[in-house]
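Here's a quick tour of a protein model, with an eye on its charged pairs and one of its sheets. Have a look at the structure first, then read on.

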Amino acid sequence: MAAPGENLRINSDRLWDSIMEMAKIGPGVAGGNNRQTLTDEDGEGRHLFQKWCKEAGLEMAVDQMGTMFARREGTDPDALPVYVGSHLDTQPTGGKYDGVLGVLGGLEIIRTLNDLNIKTKHPIVVTNWTNEEGTRYAPAMLASGVFAGVHDKDWAYDRVDAKGKRFGDELERIGWKGDEEVGARKMKAFFELHIEQGPILEDEMIDIGVVTHGQGLKWLQVTLTGKESHTGSTPMPKRRNAGLGMARVTELVHEIAMDYQPDAVGAIGHMEAYPNSRNIIAGRTVFTIDIRSPNKDVLDEMDARIRDGIATICEALDIIFEIEQVGHFDPVTFDEGCVKAIRDAAERLGYSHRNIVSGAGHDACWINRVAPTAMVMCPCVDGLSHNEAEEIFPEWAAAGCDVLFHAVVETAVIVE
């Protein structure tokens with residue numbers, strides 16, 4: 001297939017202006033965004049995206065999970081479409097670029113093709129997946145998970161938020177429950193552009209991350225039960241301190257993750273101590289362990305070592321433990337052909353690039369199960385994300401979108 005000429009670039013000013021315009025919807029309190037899924041603000045953002053798609057001549061469809069599919073026709077009506085996109089929903093204190101760059105970068109591809117009057121053999125479909133963030137409704141990547149057959153649609157509809165409101169009810173309330181069967185679409189390929197959400201590209205002054213893998217993940221919820229007693233009058237040898245146990249497990253998880261560098265990570269996230277009084281030794285602690293690796297064997301080894309270590313710690317402290325796995329997905333290996341298209345595009349355009357592993361989950365991780373998939377990443381300042389201070393530079397967005405444009409259009413095949 002013919003590659004796009006290296007002179008073909010997106011309109012970077014228009015891309016940036018669109019990102020800033022979307023950021024006006026659901027503004028955060030500190031410069032970012034609060035556009036959580038299925039809120040009124042999410043609905044408003046969807047309407048703006050729909051308006052832009054209509055202006056670009058795209059045909060919009062919506063599936064029963066509320067995912068938006070905006071299609072630009074190809075010259076071959078029977079050719080499988082090339083999909084590109086990400087998500088418009090944000091964290092409660094989210095940034096302006098996480099997810100949004102991928103959706104509006106996809107739209108910019110269409111706008112640029114229109115400007116240059118370029119036709120492709122395969123249709124191109126710009127996608128906004130519902131509830132990628134998973135903040136209001138767990139788990140994350142919910143709609144893409146239903147699309148890929150990982151989750152059941154009715155199960156997804158029954159997810160509730162902190163106020164007890166059902167996902168299915170809120171989807172109907174904001175008017176974005178479509179009729180299309182979820183997962184019925186077939187794809188030639190799917191591409192997703194995203195900010196790195198980590199510091200590697202900026203630290204190494206690299207323009208483009210070519211995402212070859214996504215980290216596998218395990219979440220373990222641990223409950224340690226000791227004995228509540230007075231902090232002042234209980235002799236040290238008599239204590240059954242669940243707080244001390246949690247502290248030692250925290251150190252254990254860090255040490256194990258460090259043993260599998262450079263790609264493995266691990267930490268304690270959510271932590272609770274009971275009765276949480278200043279003069280009572282904690283009789284019970286509940287906390288979550290998050291471990292990740294792009295290598296399944298490593299992930300399983302870390303899991304086993306953590307479980308053994310917890311048993312040893314608890315025996316020494318005379319406390320009882322329970323471990324429940326509350327989240328899991330295996331590492332992702334992205335499609336070699338799609339990854340090559342991204343790498344070739346970066347080289348063709350003269351951008352510095354390196355292979356990178358995604359430390360976060362993305363819709364592409366689920367779609368990779370049902371279609372050839374790959375991701376492009378651009379740097380973000382200080383690697384900061386899921387924070388209103390999240391920031392990128394216009395030239396970083398432009399480079400990422402240029403590479404996305406070339407990879408998508410090459411896969412969709414330009415018609416001379």
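Let's start with a charged pair: Asp402 makes a salt bridge with Arg9, with 3.8 Å between the closest N and O atoms. (A salt bridge here is a side-chain nitrogen of Lys or Arg within 4 Å of a carboxyl oxygen of Asp or Glu.) Because Asp402 sits in helix H12 (residues 394-412) and Arg9 in the segment before helix H1 (12-22), the pair ties together parts 393 residues apart in sequence. Helices (H or I, at least four residues) and strands (E, at least two) are DSSP runs, numbered from the N terminus. Asp402 is buried at 5% relative accessibility, while Arg9 is partly exposed at 34%. Buried means under 20% relative accessible area, exposed over 50%, and partly exposed in between (1.4 Å probe, protein chains only).

A word on the ground rules: this is a predicted model, where local features need pLDDT of at least 70, side-chain atom pairs count only at pLDDT 80 or more, and totals for chains, interfaces and linings use all residues. Residues are numbered from 1 along each chain as its sequence is written, and side-chain values use heavy atoms, leaving out hydrogens and water. The average pLDDT (the predictor's confidence in each residue, from 0 to 100) is 97 for the protein.

The count of salt bridges comes to 25. Three of them look like this:

| Pair | N to O distance |
|---|---|
| Asp402 and Arg9 | 3.8 Å |
| Glu170 and Arg136 | 2.7 Å |
| Asp318 and Arg240 | 3.5 Å |

Four strands form an open, antiparallel sheet in the order E10-E12-E8-E13, counting two strands as paired if DSSP finds at least two bridges between them. Strands E10 (265-274) and E13 sit at the edges, each pairing on one side only, and the twist averages 15 degrees from one strand to the next. E10 and E12 (residues 284-293) share eight bridges; Ile268 has Ile289 in E12 as its bridge partner.

Helix H9 lies across E8, E10, E12 and E13, at about 10 degrees to E8. Axes are lines fitted to C-alpha atoms, for helices over the stretch in contact (heavy atoms within 4.5 Å), with angles from 0 to 180 degrees between N-to-C directions.
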